[in-house]
Amino acid sequence: MTVQEVGRARRRKEDAKLLTGRTQWTDNLSRPGVLHVMFLRSPMAHARISRIDVSGARDLPGVVAAFSGQDFAGEQGSLPCAWPVTEDIVIPEHPPMAVSEVRYVGEAVACVVATDRYRAADALEAIEVDYEPLPAVVDMRQALADDGPKVHEAGNKAFSMKLTSGDVEAAFRDAPVVIDRTYVQQRLIPSAMEPRAVLVDTDGEAFTIWSATQIPHVLRVMLAVVTGIPEHKLRVIAPDVGGGFGSKLQVTAEEVLLLLLARRLGKPVKWLETRSEGNLTVHHGRDQIQHVRLAADADGRIRALRVDLLADMGAYLMLLTPGVPTLGAQMCNAIYKMDAYEFACTGVFTTKMPTDAYRGAGRPEATFVIERVMDELAAEIGVDPVEVRRRNWIRHDEFPFTTISGLTYDSGNYEAATERALSLFGYDKLRAEQNDRRDRGDPVQLGIGVSTYTEMCGLAPSRLLGAANFGAGGWEHASVRMLATGKVEVATGTTPHGQGHVTAWSQIVADALGVPFEDVAVLHGDTAIVPKGMDTYGSRSLAVGGVAVVRACEKVRDKARRLAAHLMECSPDDLEFEAGTFTVRGTESRRTIQELANAAFTAHDLPDGVEARLDSDATFDPENFSFPHGTHLCAVEVDTETGMVRIRSYVAVDDIGKVINPLIVDGQLHGGIAQGIAQALFEEAVYDADGNLLTTTMADYLLPSAADLPDFALDRTESPATSNPLGVKGVGEAGTIASTPAVVNAVVDALRPRGVRDIQMPCTPERVWRALAAQEREGGQG
Amino acid sequence: MIPAQFDYVRPGSVAEACRELASDEDAKALAGGQSLLPFLRLRLAYPSKLVDIGRLAELKGVHERGDHVHIGALATHDEVMRSPVVNAGCPLVALAVAQVADPAIRHRGTFGGSLAHADPAGDLPAVALALDAVFVAASEQGEREIPAAAFFVDYLESSLRQGEILAGVRIPKLGAGWGFHYEKFHRTAQAWAIVGVAAAVRRSNGSIAEARIGLTNMGPTPVRAHAAEAALRGAELGDQVRRACAEAAAGTAPPADLHAQPDYRRHLAEVLTGRAVRAAAGAG
Ligand SMILES: Cc1cc2nc3c(=O)[nH]c(=O)nc-3n(C[C@H](O)[C@H](O)[C@H](O)COP(=O)(O)OP(=O)(O)OC[C@H]3O[C@@H](n4cnc5c(N)ncnc54)[C@H](O)[C@@H]3O)c2cc1C
């Protein structure tokens, strides 16, 4: 008997080296004679560069070179945007180093290359730049005003898109209930533990780029396109990468410039971001103004939903910038049935750091808007928020279900997840306590928030991506090789940066080939070792890349079967495969897969048409997205005297289909929920009216730590995905997507009797206190 | 970020350290480095020279001295927090120190460094002020004593002179009948106080005989809530205390920053002073 590996809570193979500091972060790597690069960054949000003189820096000790944007003007190209969401979208030139105009604080205007970082940093202070200030554009609504200052010549509107389904006007006409709200998704700074870092070496002709990136494969293609260096002269390596959350799903100015510097100087060059530099220049997340209107019948049945977004692009469109908010088009309707639906989105340029994918990318925003407004609907008609959802959601017997926005959800069971969550949470008891505290006028009020989310992940069917104007496909590749000694090497096109693919893939392969978990090595993140791949983002790795691994294993097994049949002189159909051994049915005759791997290596006796080595490749392109869902419940205590919000309990019941490793799944949920709570209560990137980022350090940009978070009670229901043979859906972003509205709903629920019906995120103590104070001034009930 | 260039010396005695500091007006003492190093890295400070006093045995340790506790400037937060002498002689200090930053920082940051840094958002200045601590400054000329009320001059500015080192702090023991509490209001466990209240309260017969209240982050320096202290004298627990604590922010000029505007800080000072006083008085 062998134990089945899939489904086991295996400890991660990755952890020992992470915990004992034996990791290969890019900053731990070096090359002989490496030079260090530091960037001078614009202190102005918007200005013309009237003069820039780097000569003072060049003369300092240890400085090898100093350049301004002028020096790269002919060769630096424009940073790519791969997702032109509309035909008439405005994609402005985006020079990696500003040449004549800066458009956000932090934009690189010059660089110094020196023998060490300290000298490079000192030399930055010797560069002279004269800026001619131009007006900052900070507020999206003002940016769209006709006579306001412009970020780009073409104006401040990047694009406008609209999706309509059903007769929205009719549905709103004489609807008994209409809710009209505006919510703000604050700007967030993805804060991966490892800052960005880039190292580039060259032999004079070809280049190796080590970068703390999520996307070595995509980066290689894009660097070739941007710089004109032929793709086959570029090798990109993502060594150990310490988190990304989307922020390392980017083709960055620094990656391009380091490559150009290595070419120009013929020497290895390295750059490591400082934390404050990262807060300024790692692409930001969220930043939307969401106008939502919902029409319903008196019993709470939704007639129509209308969502109108303003999405802050920042100063330029980066790799996926416009695609992030527009993902909401398919997601705002969420798990609910309705007669009509309209989604509109306008992308707006401002003089701020560009936004782009951040954990959840478009789905947290969409989930927030619908889950918040469902609570408003419940309050409006005086029905429990869970009950309102029940009246509107797709029932489990209605799957597969094509939604109003056009996606087909393959599987799910919202009833089951919700029932489980309610009972784990002790919903009725907490409601009773809430009432009791209200009656007593307890200064500490209890609030209960629910979020019944779904999301689309497993990016993605290439066909659908093409239809959405996305610049690439969504397939994934794997190569499974049995070595001469019977061990297994898997090369995966996914690029883990903390997710644990090495462990999960080992479990999948161990079961598929009947080999020990320990005998499997997983290689990734190097375009020379894994030539094909589309990398890791959008909770795609397992649902796409994991399936490619399964497919490659199936091919290896088929080949092994032919070889075994040949060696044991039987028909392949006479063979049984179990626990890594082929047995001729009804006999004692058997060969282990390891023996077969060796036979394929020696190749002394192969059947006709079978090539040496027991290995195979597979590429998987899914038919459909996958749709995890679940029910999250949050109880908060709000101190009405100080405004402080404390999370008292948190329950998450998620349906992510089949589970490969429950320990990894729990880890993803813990981190995801923490990040969603962080948006609800703690984090906010703040720019002042002049476009200066005020939250450049962690003293100002508050990240919660374990001490600020409750224990999470996690459980799962399981409706396997039908879109892939593993039945898996993806869990990388679910926690983040679900948790933010659960928490804010809880905060508002606590204060609703006092007339409060929204608190802008993050719900800081000061904001809560001010909301209460404002209601008190207005004389209570609102 | 990366600090600008500086020299580094590690003197073998307090006298030598004072000489180093006196001879160069841009030199700075380096203790635990938990405030100074971030300043250097953010290039908010450009000292010419760091005088590392971190290993000077004369400045270490916590000492029982009869009517007061002497805390050496180099005693780490962790050491102070665990010290039986501190917990017995001046428990308010132990209560507040336990709320400074996190364990890693408490193992490096020093009691003297926290006070010499004179950050009004630090938790210990308000405590030292509330307890009328006496600061002992050492220089080439010898030692001088500075009362807490005269130590904190302005934002990040103490009355230490160039060439002076804070050698230690004397915390007078308050007699029997006193209760203590430090109420820190912050958004995350590792964050600085938005407002903090250090309260020492002596009760007699169900009312408050005497209260000393120090406020954290309610102005450019730590401040005593004199008006509330006066109003609390003789106040009975309950409404009288509540009314008295509503005076807590009187005369303060709290800062505006990303975490709080001045009016909110004033409100917090009132609420938190009420809580601190009730807790110190043993009334929960
Ligand atoms: C992330 C973080 C969070 C923190 N949170 C808090 C908090 O919540 N509450 C809080 O109170 N503190 C907090 N701190 C600060 C911490 O308490 C520091 O230990 C303290 O501020 C400085 O002590 P130090 O020994 O590290 O001094 P250093 O950083 O070495 O020095 C600080 C300043 O004091 C001067 N100095 C130091 N010692 C002497 C001396 N003996 N004589 C004369 N001058 C001297 C130095 O020249 C320098 O100007 C935090 C620090 C960090 C990094």
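1. A polar contact is a pair of N or O atoms within 3.5 Å; within protein, one must be able to donate a hydrogen and the other to accept it, and residues adjacent in sequence count only if both atoms are side-chain atoms. In this predicted model, 14 residue pairs, both at pLDDT 80 or more, are in polar contact across the interface of chain B and chain A.

2. On conventions: the model is predicted, local features need pLDDT of at least 70, and side-chain atom pairs count only at pLDDT 80 or more, while totals for chains, interfaces and linings use all residues. Residues are numbered from 1 along each chain as its sequence is written, chains are lettered from A and ligands numbered from 1 in the order in which they are written, and side-chain values use heavy atoms, without hydrogens and water.

3. The contact (heavy atoms within 4.5 Å) involves 32 residues of chain A and 26 residues of chain B. About 2300 Å² is buried between the two chains, 59% of it on carbon and sulfur atoms; buried area is the accessible area (1.4 Å probe) lost on putting two parts together, summed over both. On the chain B side, Ile2(B), Arg187(B) and Leu258(B) lose the most area to chain A, together 30% of what that side buries.

4. Five salt bridges cross this interface, a salt bridge being a side-chain nitrogen of Lys or Arg within 4 Å of a carboxyl oxygen of Asp or Glu. Asp639(A) and Arg275(B) form a salt bridge at 2.8 Å, N to O.

5. As for the ligand, an oxygen atom of it lies 2.7 Å from a backbone N or O atom of Gln34(B). A polar backbone atom of Leu36(B) is 2.7 Å from a ligand oxygen, and one of Ala101(B) is 3.2 Å from a ligand oxygen.
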